[in-house]
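Hi,

Here is the structure I promised to pass on.

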Amino acid sequence: MALRNIRTNDDPALYKVCKEVKRFDARLGTLIDDMIETMNDADGVGLAAPQVGVLKRVVVIDVGDGPVELVNPVILESSGEQGDMEGCLSFPGQSGYVVRPNYVKVEAFDRNGDLYEYEGEGLFARAVFHECDHLDGKVYLRLVTEPPADRKKEA
Ligand code: NI
């Protein structure tokens, strides 16, 4: 495994639509292992392949329950609403208040090409939406809004 360089700010890789993974080979496994190592090294809860310069639909997430790998993820359901501060490893030193659905059900392949469904709330849901947005070249900054008045004191 190896650490990969995290692309930041105006790097063009962050603003491109990524391609579906077609080959579930050793190279994909290496990419996923490297992404998990890079995410953990940076103390992140998620990382998308374009953040390491690879324009493929691959995401890793770890909200404290161990790493989850999502290849060609498709969001099947979302509901509810949550607002919280959010950041991104590609925009170091920044954060902003973002409202997201509170619940997600997502379908994705693992590195072996087996299809799984995951569901979760709160931070896991936030991470899934944030990382899947990366695969379409979208970054969270476009979603930042003013926090509600009762949250401003904390900010
Ligand atoms: Ni991000």
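How many aromatic pairs does the structure hold? There are three aromatic pairs, where rings of Phe, Tyr and Trp (its six-membered ring) pair if their centres lie within 6.5 Å, and planes under 30 degrees apart count as stacked, over 60 as edge-to-face and the rest as tilted.

Before I go on, a word on the ground rules: this is a predicted model, where local features need pLDDT of at least 70 and side-chain atom pairs count only at pLDDT 80 or more, while totals for chains, interfaces and linings use all residues. Residues are numbered from 1 along each chain as its sequence is written, and side-chain values use heavy atoms, with hydrogens and water left out.

One of the aromatic pairs is Phe 24 with Phe 109, which is tilted, at 5.6 Å centre to centre and 55° between the planes. Phe 24 sits in the segment before helix 1 (26-41) and Phe 109 in strand 6 (residues 103-109), so this pair ties together parts that are 85 residues apart in sequence. (Helices, H or I of at least four residues, and strands, E of at least two, are DSSP runs numbered from the N terminus.) Phe 24 counts as partly exposed at 30% relative accessibility, and Phe 109 counts as partly exposed at 26%. The cut-offs here: buried is under 20% relative accessible area, exposed is over 50%, and partly exposed is in between (1.4 Å probe, protein chains only).

Another pair, Phe 91 with Tyr 140, is edge-to-face, with 6.4 Å centre to centre and 70° between the planes. Phe 91 lies in the loop between strand 4 (82-86) and strand 5 (96-100), and Tyr 140 in the loop between helix 2 (122-135) and helix 3 (149-152), so the pair ties together parts 49 residues apart in sequence. Phe 91 counts as buried at 3% relative accessibility, and so does Tyr 140 at 1%.

Then there's Val 104, in strand 6. Val 104 counts as buried, at 0% relative accessibility. Leaving aside neighbours within four places in sequence, Val 104 has contacts (heavy atoms within 4.5 Å) that include Ile 75, Tyr 118, Phe 124, Val 128 and Phe 129.

Cheers
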